[in-house]
Every structure is written in structure tokens, then in C-alpha cells.
Amino acid sequence: MNEYDSDLLAQSLINDGFLPVKEPGDADLILINTCSVRAKPEQKALSLLGRMIDIKKRKPGLILGLVGCVAQQGGSGLIERFPELDLVMGPREVGRVRDCLAEIEERGKKVVAINLDESPPIPEPCRGYFTGRFTGYISIMEGCDNFCSYCIVPFVRGREVSKPPRSIIAEAELLVSEGVRDITLLGQNVNSYMWKGEGGEVWDFPMLLREVGRIKELWRLRFTTSHPKDLSKDLISCFDQIEALCPHIHLPFQAGSNSVLRRMRRGYTRERYLELISSLREVRPDIAISSDVMVGFPGETEYDFEMTLDLIKKVEFDALFSFKYSDRRGTLAEKMQPKVEEKEKSRRLATLQSIQRSITLQKNRNLEGKKVMVLVEGVSRRGSQYTGRTDTNKIVNFTCKYNPIGGLIKVKIKDGLLNSLRGECLMAE
Ligand code: SF4
């Protein structure tokens, strides 16, 4: 979501005549896009702001802004705390960046734009912006109505609003016309997408997926994030019916204990979650499943934690994003007791990650000797190989005698490593 918002900001600014620079010290405008989902990214954003304030002190004409969820939460208090800031702008306001900058430049005013009530304006796309990129994101909705007890998203991104389907399809067609071949539809909870038009027209998420999946030259379609409580049979059947839809789903489970899930207000049980995994694997046996989990939610006992480990072993996720719970201001969980000690949270996280590491490694080793199709995105970090992803979202670094960038090619896997696969290309498709 943040990457997508940053792309929107960049496109808006380029349309307005701005050009990107390599070093922050060369810039006339610096906007820091932020995330407040956990304590760590918030601290990182504020520490980056500190470094940018140092630049502003040397270059007073620089316009400095804080954008995104940290900005939404801090509001005008941020201007009091950091008087060097010219702009504080919430995630729903990114489409108004040009108006905000005009106000700062013309009236010499500081601007705080944190309106959450209206539908976010959709900024003009910038032709040519995606040239040379083969993967892209499209946000199909904003906000969330779920109010999980630990989560700050409904407070900083507002209530759920679905975007009109035709504008989403037009955005997808634009990306494809610029060479993007792999699109991920984004939302906090994409499977509750619901758009009601005039004359009783109704679109749900499977309908939208089917339409986007029909776009010619779109090779791969993905979506994230799905909520287990809204994963319908119709959506599961899409994995069998839509050719472009990749066999990969990110389905956060957060905890394996029913008592913790209840206090998290997640709306499903561990049994229901396991049923969903079975249904997905029935429809698409090769589907890769990734998830999010947290340890140390208030009141999490050793037994609760064991239930989480048990669920991880039962499902055998392809990838797992695991975190220590941190209090987020204003949420229900912030007031819940008892808190789990930091040291204990770290122990639980290390235990969980070690179990998941062996599952991921085994899954990747099982691919050794197999042939997979890779959408080639560029050269690998070390520069000696090419890099891309499988439809199951695994990173593959491989050797190739010709330049395959932008192509969909067959690669034979030689080594399954923890975070990637290594192989050699076989032929062009
Ligand atoms: S569904 Fe996701 S975004 Fe919405 S409140 Fe729950 S965790 Fe937060």
C-alpha cells in the first residue's frame, strides 16, 4: 500500500513538472511516506525525518512533508513537535498533493491534510512512469472496517471504501500497455471489495478479478491481503477458473489459539482457518500459502503460543511474516492486560522463526530439479545473474546466455535456499 501511495505521489509530482533527484540534499521537495502498523517502522520514519530536518536547516527553501499513517495519527501535533515540517498529509489525501503544495508555495502556509471522511481522490496517471517495470500494484480500496483489536489501520486509513471497478480496470489496462505483466490488486481486506453503482449494479471481488483477468497480455494477476473471515467459496474457485490468477495467497492467521483470536476480534477460529487451507489446496493443490503471525499478544500464554506453533506445523506455510506484538495508540489491545514481557516475546519469536525456517527451506529444496516459469524482473543484486519470480511468488536467481529481462522463461532449479531459488534458464517462451 505504501509503495503504491508513493508511486501515486511521484506520478502526481512528475505530472506537475517535478523531476526525481538522486540525493536528498539536491531536492527542493522531500516527502517521507510512513507506516504506523507497528512501532518499528514508525520509529524508522521519525529517525529519517530527523536526518531530513538537518538538510532543511542547511537549505531553508526546501519543502519538507510527512505523509501516510504516521502523519495521519500525529496531525497538527507533528508541526508543533517538528516546526521544520511544511506538510502533514494522511494516506487518503495523497491525491491532493498538488493542491497542498500550491497552498504552501502561494500562501506560505503550513498544511495539515488529514481528512478521512471522503473517498480518496484518484490522481491522474503519468504516462511512461512504469516503463521498464514488469510488476505493478493497483489499490482497489481504501481503509478497513474490521477493527481487529491490535490494529491501527481503521484509525489511520479510515473506513472501507471500494474504488469503481471501471477505473481499476482502466488502471490495469494502462499498466499493461506500459509493459507491466504481473499486477497485484491491493487492499487491507480485498475480499470484502464491494462496489454498488447506479441502477443496482453490484460488483464483488471475484467479479472484479474475473474482469481484470481477461486483460490481454496480463500474464499474472495476484491480490493481497485477504481476510480469512471473508474468503468465500466463489473466491476460492477463482484459483481454478482464472488463468492469469497466480497460485499464491497471502492469508494472515495472526494466532493459532482460539482464545487469542477471540481477543484479537479476528472473526474466525483456528479450525475454520485450517478448513480454508484445505479448501484452497483441494481447488489448487500447487497453491503457495504465506501468512502473517504475531507473538506476545496481551495475555498470550505458553499454551496459546504452542497452539500457534502447532498451526504453523500443520499448514506448512511457504513464507511467514512474523512479528512481536507492539501496542498501538488508541486500539483496544493497548488497554489489555497482562502484557507479555519483551524478553519472552523475543524468545517466542525466535522459536517460531526457527521452525518456519526449516519448513521454508524444505519446501524450497523440494523444488530442486524441477522446472518453473519465471517472470524476469532484472539482474540479481550481485549483478552476475538474472532475477525474477515464480507464479508462487518465490524469488529465482539464475544464469542465462541471453538477456531475458521482461520475458516469461523456463528455469531449472538447482538449489533451494532459505530466501530464494537458484537455477539456470532452459528456453525462451
Ligand atoms: S483486517 Fe487487517 S487492516 Fe483491518 S483491522 Fe484487521 S488487521 Fe487491521
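Domain bounds come from an automatic or database domain assignment.

**View 1. Two domains along one chain.** The assignment divides the chain into domain 1 (2–113) and domain 2 (371–428). Between the C-alpha centres of domain 1 and domain 2 the distance is 37 Å. A word on what you are looking at: this is a predicted model, in which local features need pLDDT of at least 70 and side-chain atom pairs count only at pLDDT 80 or more, while totals for chains, interfaces and linings use all residues. Residues are numbered from 1 along each chain as its sequence is written, and side-chain values use heavy atoms, with hydrogens and water left out.

**View 2. The four-strand sheet, E1-E2-E3-E4.** Here is an open sheet of four strands with parallel pairing, in the order E1-E2-E3-E4. Helices (H or I, at least four residues) and strands (E, at least two) are DSSP runs, numbered from the N terminus, and two strands pair if DSSP finds at least two bridges between them. Strand E1 (29–34) and strand E4 (111–113) are the edge strands, each pairing on one side only. On average, neighbouring strands of this sheet are turned by 10 degrees against each other, direction ignored; axes are lines fitted to C-alpha atoms, for helices over the stretch in contact, and angles run from 0 to 180 degrees between N-to-C directions. Zoom in on strand E2 (residues 63–68) and strand E3 (residues 87–89), and you find three bridges in the parallel sense. Leu66 has Val88 in E3 as its bridge partner.

**View 3. Helices on the four-strand sheet.** Contact means heavy atoms within 4.5 Å. Helix H1 (residues 2–15) lies across E1, E2 and E3, and runs at about 160 degrees to E1. Helix H2 (residues 39–58) also packs on the sheet, where it touches E1 and E2, and its direction makes about 170 degrees with that of E2.

**View 4. The three-strand sheet, E12-E13-E14.** Three strands, again with parallel pairing, form an open sheet in the order E12-E13-E14. Strand E12 (248–250) and strand E14 (319–324) stand at the edges with a single partner strand each, so one side of each has no neighbour in the sheet. From one strand to the next, the twist averages 10 degrees. Strand E13 (residues 288–295) runs parallel to E14 and is joined to E14 by six bridges; Met294 stands opposite Phe323 in E14. Helix H13 (residues 342–365) lies across E13 and E14, running at about 175 degrees to E14.

**View 5. The ligand shell.** Which residues are around the ligand? They are Cys144, Asn146, Phe147, Cys148, Tyr150, Cys151, Val153, Pro154, Gln188, His227 and Arg266, where a residue is near a molecule if one of its heavy atoms lies within 4 Å of it. By class, the shell has seven nonpolar, three polar and one charged residues; Ala, Val, Leu, Ile, Met, Phe, Trp, Tyr, Cys and Pro count as nonpolar, Asp, Glu, Lys and Arg as charged, and the others, Gly among them, as polar.

**View 6. Tyr150 and Phe297.** The structure holds eleven aromatic pairs. The ring centres of Tyr150 and Phe297 are 6.4 Å apart and their planes are at 85 degrees, so this pair is edge-to-face. Rings of Phe, Tyr and Trp (its six-membered ring) pair if their centres lie within 6.5 Å; planes under 30 degrees apart count as stacked, over 60 as edge-to-face and the rest as tilted.

**View 7. Backbone details in loops.** Thr224 and Thr225 are joined by a cis peptide bond, with omega about 5 degrees. The peptide bond from Gln337 to Pro338 is cis too, with omega near -5 degrees, and Pro338 lies in the loop between E14 and H13.
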